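Student: I am new to this structure. Please take me through one part closely, starting at the surface and then turning to the charged pairs.

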Amino acid sequence: MGFCLGVEEAVTLAYKVAEENPKKNIYILGMLVHNKEVIFDLQSAGIKTVSEEEFVNGLFSFAKDDIVILRAHGSTKAIYEKLLEQKVQIYDAACIFVKRIRNLLLKKMEEGYEILFIGDSEHPEVKGIISYGNKIKVFENLEKLKESDIDKNGKFYFLTQTTFNKYVFNDIKNYIKDNFKNADIGLTICGATYERQIAVEKLAMNSEVILIVGGKTSSNTKKLYQIAIKLNPNSYLLENKDDLNIEWLKGKEKIGITAGASTPEKSIVEIEQKIKGEVL
């Protein structure tokens, strides 16, 4: 539970930049991470958040020498280039695994592969990564891949969103191996995501109720919930202690708690304290 490496580094970077530049305007372009509690704490420290839509559509412009921190999910190539034109100071807080996939995409394209991406085409991580390629096709699930009219004899390299559901991906991987003649698969599901998915599976089977704590727009948190609810119907997704319904817990003796990779530890502790105060 608690912050993964990528989120920890992004949040630490944001506070460090703010501390070292007390007289400058500091902005995060997009949500640094998908957790409202984290964003609120950053705003309290004087770090403003500007949506990518406002910036791209010309509704907001930065001044020269403003500091702009790029989100942990990464930004698109077009946004990065536009920031360079405005001569702002850029700090890229993109997760090391997101950067790795971006670099892998460029390398494999140079080697002559056509890139196919498995993930949510509307997720900022995916949008950012594929913007560095050319006309990359994105498939959100196995059904979409099966329905496509791709020539399966082509030379393909498959990349995956870091927070993709490992169980769903296993089926996709088997389908690729059985049906594509010349395809390689990049193992790009984040290690922290993979470990949490295994842990939530065990927790769901050994708890009467399981609480998954995290932002409701967080991809990795939603994946944990999807795994848990299949194994335990008493699984609930909540952002903070205010979302906790004590009725869920009545008559239960074993309560499991886990959290997404962008969930601050204090949110988890507050929920645990509320349970102990109102139930035990």
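Is L5 buried, partly exposed or exposed, and why?

Tutor: Keep in mind that this is a predicted model. L5 counts as partly exposed because its relative accessibility is 48%. The cut-offs explain this: buried means under 20%, exposed means over 50%, and partly exposed lies in between. L5 sits in helix 1, residues 5-20. Together with I96 and F97, L5 forms a nonpolar patch on the surface. The accessible area of the three is about 270 Å² together.

Now the charged pairs. The whole structure holds 12 salt bridges. One of them joins E52 and R71, with the closest N and O atoms 3.7 Å apart. This pair links distant parts of the chain, 19 residues apart. E52 is in helix 3 (residues 52-56), and R71 is in the loop between strand 3 (67-70) and helix 4 (77-85). E52 counts as buried at 14% relative accessibility. R71 counts as buried too, at 7%.

Next, D92 pairs with R102 in a salt bridge, and their closest N and O atoms are 3.8 Å apart. D92 belongs to strand 4 (residues 89-92), R102 to helix 5 (residues 96-110), and 10 residues separate them. D92 is partly exposed at 26% relative accessibility, whereas R102 is buried at 13%.

Last, K241 meets E270 in a salt bridge, 3.9 Å from N to O. K241 lies in the loop between strand 10 (235-238) and strand 11 (255-259), and E270 lies in helix 11 (residues 265-278). K241 is partly exposed at 33%, and E270 is partly exposed at 27%.

Note on methods
Residues are numbered from 1 along each chain as its sequence is written. This is a predicted model: local features need pLDDT of at least 70, side-chain atom pairs count only at pLDDT 80 or more; totals for chains, interfaces and linings use all residues. Side-chain values use heavy atoms; hydrogens and water are left out. Patches are made of residues with over 30% relative accessible area and no salt bridge: like charges are joined within 9 Å, nonpolar side chains (Val, Leu, Ile, Met, Phe, Trp, Tyr) within 5 Å. Accessible areas come from the Shrake-Rupley method with a 1.4 Å probe; for residues, only the protein chains shown count as cover. A salt bridge is a side-chain nitrogen of Lys or Arg within 4 Å of a carboxyl oxygen of Asp or Glu. Helices (H or I, at least four residues) and strands (E, at least two) are DSSP runs, numbered from the N terminus. Buried means under 20% relative accessible area, exposed over 50%, partly exposed in between (1.4 Å probe, protein chains only).
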